[in-house]
Structures are given as structure tokens and as C-alpha cells.
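Reader: I have a structure here that I would like to go through with you. Could you take my questions as they come?

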Amino acid sequence: MTLSVADIKPNIASEVAASKAELLSGVHSEALRELLEHRGVLVFPQIGFSDDEQVEFTRTLGTFAPERTGEQVYSVTLDTNINELADYLLGSLYWHIDGTMNDVPIRASLLSSKVVCPDGSGDTEFANTYAAYDALDGADKQALESLRVMHAAWNTLFYYEPEPSFTTLRTMMAIGDRELPLVWNHRSGRKSLVLGCTARHVVDMDFRRSVELLVRLRDWATRPEFVYRHTWSVGDLVIWDNTGTMHRATPYDPASGRLLHRTKVEGEEAFH
């Protein structure tokens with residue numbers, strides 16, 4: 001049984017057509033995992049999974065990763081009436097990779113749309129950091145290969161709250177810091193860039209040069225040819241490869257009702 005796949009853009013994202021029964025059976029799981037690694041983002045328009053079906057489908061793709069609180073399904077919304085910790089998600093409005101504070105970041109995330117913004121806002125953008133690395137010139141690749149970058153969750157705080165209280169800052173700082181490679185050498189032999197709003201500074205580099213480099217690379221990795229922007233319809237499911245894809249939500253009104261449900265596939269490879 002073969003999948004029906006249509007590439008959305010040359011460097012990123014494919015639309016997949018398959019029935020619920022096929023997806024839940026796992027018959028396509030290996031093909032989907034391979035496709036995800038090479039395309040970065042897979043879109044299943046209006047597949048209409050229930051929470052239980054989304055969990056079941058996630059398990060066909062790898063080891064299921066529950067939330068730290070033990071929940072299987074996480075509510076992605078800026079509405080604090082639905083998610084008490086929604087303010088933490090303000091950082092999701094900026095380019096990032098999930099799990100830069102972990103030894104092994106999650107392999108993939110799955111988002112299904114439950115409520116969309118009435119005004120059409122609240123899209124999600126994805127950037128293929130494999131393709132962005134591949135498109136660098138040889139001199140850049142050589143210069144970046146050995147660089148290390150300090151990442152910190154608290155660095156994202158200054159994107160959306162430039163003057164946080166000391167208490168807020170200390171709370172975010174308690175999450176920790178982590179030194180990661182700028183270029184991730186994957187066990188597959190492929191390479192991707194590790195960037196985003198958690199990237200604070202390049203180790204042992206002048207601060208000004210460090211900022212210039214990180215911003216230049218973020219601009220490069222988020223050029224239109226490497227980016228797919230998904231406009232949500234109710235029932236859509238989108239999977240992205242968190243090991244080689246940055247993502248961000250576009251701004252939307254927290255009172256809009258926008259609601260996505262997320263499940264995750266456990267990480268399988270440490271940053272290297």
C-alpha cells in the first residue's frame with residue numbers, strides 16, 4: 001500500500017493523503033518516518049483525529065513522549081483559562097527548536113487543530129535547518145563546524161518581556177542552560193543548524209560578533225525557500241521533525257479561542 005504524497009515546496013513540507021484506518025494501523029509508519037526526515041513537515045489536511053486517535057497514531061511513529069506533568073495531550077493556546085501556564089508559550093511566537101534544554105530533544109511533534117482564529121491569524125511557520133545548512137557555501141560550513149552555542153530558556157523571556165521582574169527571571173533561569181553544537185552532525189551523516197530564540201551566545205566569541213553570527217544564520221535559515229507557513233483549518237494534523245526544523249506561531253489574540261492539541265515522539269538522538 002503506497003502513500004499519496006505531494007510536495008508543497010521544493011525544500012520543505014509535503015501533503016499526505018491516507019485514510020484514518022491506514023494511519024492508525026501503522027502500515028505507513030516507516031515510510032512516514034523516512035519522509036518526515038527528508039521533508040521536515042508533513043501535512044494531513046482535515047484528517048480530524050480525536051485525542052485518542054492522535055495518541056494512537058503518534059505511537060505508530062516511535063516511542064510516545066508524555067508531557068512532564070504526565071498528560072498525553074497538551075493544549076497549545078495562549079488562553080490561561082484553558083492552559084494555566086499559557087504565558088510560557090509566548091516564547092513560541094519566535095523561531096525555536098523544542099528541547100534545547102534536554103540531553104535528547106524530542107524526535108517529532110504532532111499538532112492537530114481544534115479551534116482556529118476567526119480573523120485568520122495564528123498560522124504556524126516551519127524552517128528546514130537541514131536544507132539551510134546544505135545551502136551554505138563551503139567557507140561558512142568550515143567556519144561553523146566547531147562552534148558551540150550556549151542555549152537558555154530564559155533567553156526567550158527577553159523576546160516578549162524586555163523588562164521582566166527579578167522573580168520572573170529567576171524562575172526562567174531555574175530551567176537551566178546548555179551548551180550545544182551550532183552544527184548538529186546527525187548519525188545519518190546529514191547536518192543541520194541548531195538555532196532559535198534559546199541561542200544566547202557563541203562560546204568564546206566576542207559578544208558583538210556572536211550576536212551578528214546568530215542573527216545572520218537565523219535570517220538565512222528562515223529565508224522563504226526554506227520556510228513553510230501553515231494556515232490552519234479545523235481537523236488539520238501537522239507533524240514536524242524537531243531535529244531539523246525550527247518553528248514558530250504567528251501572532252494571534254489570546255482571547256481568539258485558538259486551540260491546538262500536541263503529542264510528541266520521544267527523542268532518539270542526542271545533540272552532537
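This is a predicted model: local features need pLDDT of at least 70, side-chain atom pairs count only at pLDDT 80 or more; totals for chains, interfaces and linings use all residues.

Reader: How many helices and strands does the protein have?

Author: The protein has eight helices and 15 strands. Helices (H or I, at least four residues) and strands (E, at least two) are DSSP runs, numbered from the N terminus.

Reader: What share of the residues is buried?

Author: Buried residues account for 51% of the 272. Buried means under 20% relative accessible area, exposed over 50%, and partly exposed in between, with a 1.4 Å probe and protein chains only.

Reader: Which residues have the most contacts inside the largest nonpolar core?

Author: They are Leu144, Leu182, Leu193, Leu195 and Leu213, in a core of 28 residues. A nonpolar core is a set of buried Ala, Val, Leu, Ile, Met, Phe, Trp, Tyr and Cys residues joined through side-chain atoms within 4.5 Å. Helix α8 (207–221) is one of the elements that each supply at least two residues, and α8 gives the most, with four.

Reader: What does Leu213 touch?

Author: Leaving aside neighbours within four places in sequence, Leu213 is in contact (heavy atoms within 4.5 Å) with Leu144, Leu147, Leu182, Val202 and Met205. Apart from this core lies another, of 19 residues, among them Ile12, Phe126, Trp232 and Trp240.

Reader: Changing topic: at what angle do α2 and α3 pack?

Author: Helix α2 (residues 29–39) and helix α3 (residues 51–61) pack at about 80 degrees, with their axes 8 Å apart. That makes α2 roughly perpendicular to α3, a label for angles of 65 to 115 degrees. Axes are lines fitted to C-alpha atoms, for helices over the stretch in contact, and angles run from 0 to 180 degrees between N-to-C directions.

Reader: Which residues meet there?

Author: Ser29, Leu32 and Arg33 in α2 meet Phe57, Thr60 and Leu61 in α3.

Reader: Now the loops. Where is Pro45?

Author: Pro45 lies in the loop between β3 (41–44) and α3. At 37% relative accessibility, Pro45 is partly exposed. Beyond neighbours within four places in sequence, Pro45 is in contact with Glu15, Val16 and Asp236. The C-alpha atoms of Pro45 and Trp232 are separated by 8.9 Å, although these residues are 187 apart along the chain.

Reader: What is phi of Gln46, in that loop?

Author: Phi of Gln46 is near 50 degrees, a positive value in a residue other than glycine. Most residues other than glycine have a negative phi. At 57% relative accessibility, Gln46 counts as exposed.

Reader: And is Ala13 buried or exposed?

Author: Ala13 is buried, with a relative accessible area of 0%. Ala13 sits in the loop between β1 (4–7) and β2 (14–17), and its phi is near 80 degrees.

Methods
Residues are numbered from 1 along each chain as its sequence is written. Side-chain values use heavy atoms; hydrogens and water are left out. Angles under 35 degrees count as roughly parallel, over 145 as roughly antiparallel, 65 to 115 as roughly perpendicular and the rest as oblique.
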